[in-house]
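User: I have a structure to go through with you. Can you take my questions as they come?

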Amino acid sequence: MRMYDLIMKKRNGEELTKEEIEFMIEGYTKEEIPDYQMSAFLMAVYFKGMTEDETVELTMAMANSGDIMDLSEIEGLKADKHSTGGVGDKTSLVLGPMVAALGVPVAKMSGRGLGHTGGTIDKLESFPGFSTDLTKEQFIQNVNSIKMAIIGQTGDLAPADKKLYALRDVTATVDNLSLIASSIMSKKLAAGADVIVLDVKTGKGAFMKKEADALALAREMVKIGTNAGKETVAIISDMDQPLGFAVGNALEVKEAIDTLNGNGAKDLLELVITLGAYMLVGTKRVENIEAAREKLLGTIEDKSALKKFQEFVEAQGGDARAIDNTELLPKASIVMEIKAEEDGFVEKIETEEIGMVCLLLGGGRETKESEIDLSVGLVLHKKIGDAVKKGEVLATMYGNDLKKMEIARERFLLTYSFSKTPVAKSAFIKWIITKGGVEKY
């Protein structure tokens with residue numbers, strides 16, 4: 001078998017076999033196939049596409065290119081959640097404790113953020129002493145004892161994806177549904193969960209700007225998960241404005257704590273309840289979605305989810321006192337109110353630009369080596385559809401460098417557009433995709 005023949009086959013729009021795909025991924029992972037040949041293959045895929053069977057086989061070959069997490073020592077069906085990313089996305093911090101409080105094992109691998117804000121691990125490091133550097137034995141013990149643990153991604157998990165993604169990034173071949181879906185799902189399958197719930201964002205602050213593209217990606221990933229024997233569901237949610245109100249690491253942790261206390265943003269709570277309901281049904285904890293939603297809301301009312309969050313933070317070395325007293329979280333030295341310069345109704349928010357404002361303040365990474373300032377960011381006071389008076393506070397900005405904050409303020413003011421007439425609020429959750437098909441939410 002030769003890589004040359006596989007490139008030509010795909011260039012001509014033909015379908016590769018399981019054996020051919022496995023040969024290619026194994027050879028590339030072992031560096032027996034050079035970058036220039038794999039680049040040619042990726043470009044052929046970009047133009048000719050892949051069939052459903054090819055996409056599944058590519059995903060499985062990538063998942064099997066390294067370690068597969070063996071979670072068999074964890075009692076019960078395991079659930080995992082993946083988000084395609086966005087601005088203000090602190091979902092895991094709320095969702096994990098809620099489903100864990102109901103007995104669903106949450107054995108999660110998370111990464112650090114590269115871009116406008118930190119990832120889940122960065123956010124959790126707002127708790128002094130918190131560590132994701134657990135041995136496999138500690139990880140499994142924590143999940144069995146408190147039903148929740150989070151560790152950092154290992155380099156041995158789907159190494160083929162890491163190599164392929166780096167190559168796609170520099171060869172203009174990122175934007176292909178089969179390649180995107182296989183990249184996400186190879187890591188999820190290697191992480192070993194039985195139930196996978198996907199939060200696929202669409203809108204100005206999402207990777208998939210168009211709803212039709214988000215739907216296509218979600219359907220592709222659900223097919224892959226289902227064909228791999230995993231209970232897989234995807235939720236399409238809106239990212240035309242930040243999720244919740246806080247953008248920035250410690251600020252998002254505080255908002256997550258507020259939500260677990262019953263004082264969270266409605267969109268964040270709705271997303272968490274919906275994702276969690278499918279995790280509960282998928283792991284056979286309850287029979288239907290409505291019953292699952294009630295049980296999840298109950299974990300907020302009886303404070304069991306908040307208690308679970310405290311147990312989780314303590315178990316991983318963090319100072320859980322900050323959950324009861326959020327003043328112990330990292331605090332910025334300068335607080336600045338940004339006020340509206342006109343009357344009207346919020347019509348549009350340039351969500352990605354809000355993220356870039358947070359990055360400018362120091363709340364994200366421009367390179368892998370960048371240091372994140374956990375204390376900085378923004379808390380929005382107005383979102384799409386809200387009425388605004390001139391001089392009213394649009395957002396509160398938190399920072400440690402006045403010069404950066406002045407620049408960030410001017411940039412932030414450009415992110416809001418106003419209408420003189422009332423603006424309708426669109427549906428936040430748009431579609432649910434299961435193995436049975438697509439449903440309007």
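User: Start with β8 and strand β12. How do they pair, and over how many bridges?
Analyst: β8 and β12 (residues 416-419) are antiparallel, with four bridges between them. Two strands count as paired if DSSP finds at least two bridges between them. Strands (E, at least two residues) and helices (H or I, at least four) are DSSP runs, numbered from the N terminus.

User: Before we go on, what sort of model is this?
Analyst: It is a predicted model, where local features need pLDDT of at least 70 and side-chain atom pairs count only at pLDDT 80 or more, while totals for chains, interfaces and linings use all residues. Residues are numbered from 1 along each chain as its sequence is written, and side-chain values use heavy atoms, with hydrogens and water left out.

User: Fine. Which residue does Phe345 face in β12?
Analyst: Phe345 stands opposite Ser419 there. In β10, Phe345 stands opposite Ala387.

User: And how many bridges link β8 to β10?
Analyst: Two, between β8 (residues 344-349) and β10 (residues 387-388), again antiparallel. Gly344 has Val388 as its bridge partner in β10.

User: What is the strand order in that sheet?
Analyst: β10-β8-β12, an open sheet of three strands with antiparallel pairing. β10 and β12 are the edge strands, each pairing on one side only.

User: What about the open sheet of four strands?
Analyst: Its order is β6-β9-β11-β7, with antiparallel pairing. β6 (246-247) and β7 (334-339) are at the edges with a single partner strand each, so one side of each has no neighbour in the sheet. β9 (residues 377-380) and β11 (residues 393-399) run antiparallel and are joined by four bridges. Leu380 has Ala395 as its bridge partner in β11.

User: Which strands does helix α17 lie across?
Analyst: β7, β9 and β11; α17 covers residues 402-413 and runs at about 20 degrees to β7. Axes are lines fitted to C-alpha atoms, for helices over the stretch in contact, and angles run from 0 to 180 degrees between N-to-C directions.

User: What does Phe412 contact?
Analyst: Leaving aside neighbours within four places in sequence, Phe412 is in contact (heavy atoms within 4.5 Å) with Ile338, Ile354, Val357, Leu378, Leu380, Leu394 and Ala395.

User: Which residues touch the most other members of the largest nonpolar core?
Analyst: Phe127 and Phe412, in a core of 78 residues. Helix α12 (residues 266-282) gives the largest share of this core, nine residues. Another core lies apart from it, with 22 residues, including Ala63, Met185, Leu198 and Val222. A nonpolar core is a set of buried Ala, Val, Leu, Ile, Met, Phe, Trp, Tyr and Cys residues joined through side-chain atoms within 4.5 Å. Buried means under 20% relative accessible area, exposed over 50%, and partly exposed in between (1.4 Å probe, protein chains only).

User: Is Val313 buried or exposed?
Analyst: Buried, because its relative accessible area is 0%. Val313 is in helix α14, where Ala305, Leu306, Lys308, Phe309, Gln310 and Phe312 are among the buried residues.

User: What does Val313 touch?
Analyst: Not counting residues up to four places away in sequence, Val313 touches Phe127, Phe130, Gly318, Asp319, Ala320 and Ile323. Val313 and Gly129 are 184 residues apart in sequence, and 9.3 Å apart C-alpha to C-alpha.

User: What comes after α14?
Analyst: Gly317 follows α14 and has a positive phi, near 85 degrees.

User: Last one: is Asp122 buried or exposed?
Analyst: Asp122 is buried, with a relative accessible area of 2%. Asp122 lies in helix α6 (residues 120-124), and a polar atom of its side chain is 2.9 Å from the backbone nitrogen of Gly119.

Definitions and conventions: A polar contact is a pair of N or O atoms within 3.5 Å; within protein, one must be able to donate a hydrogen and the other to accept it, and residues adjacent in sequence count only if both atoms are side-chain atoms.
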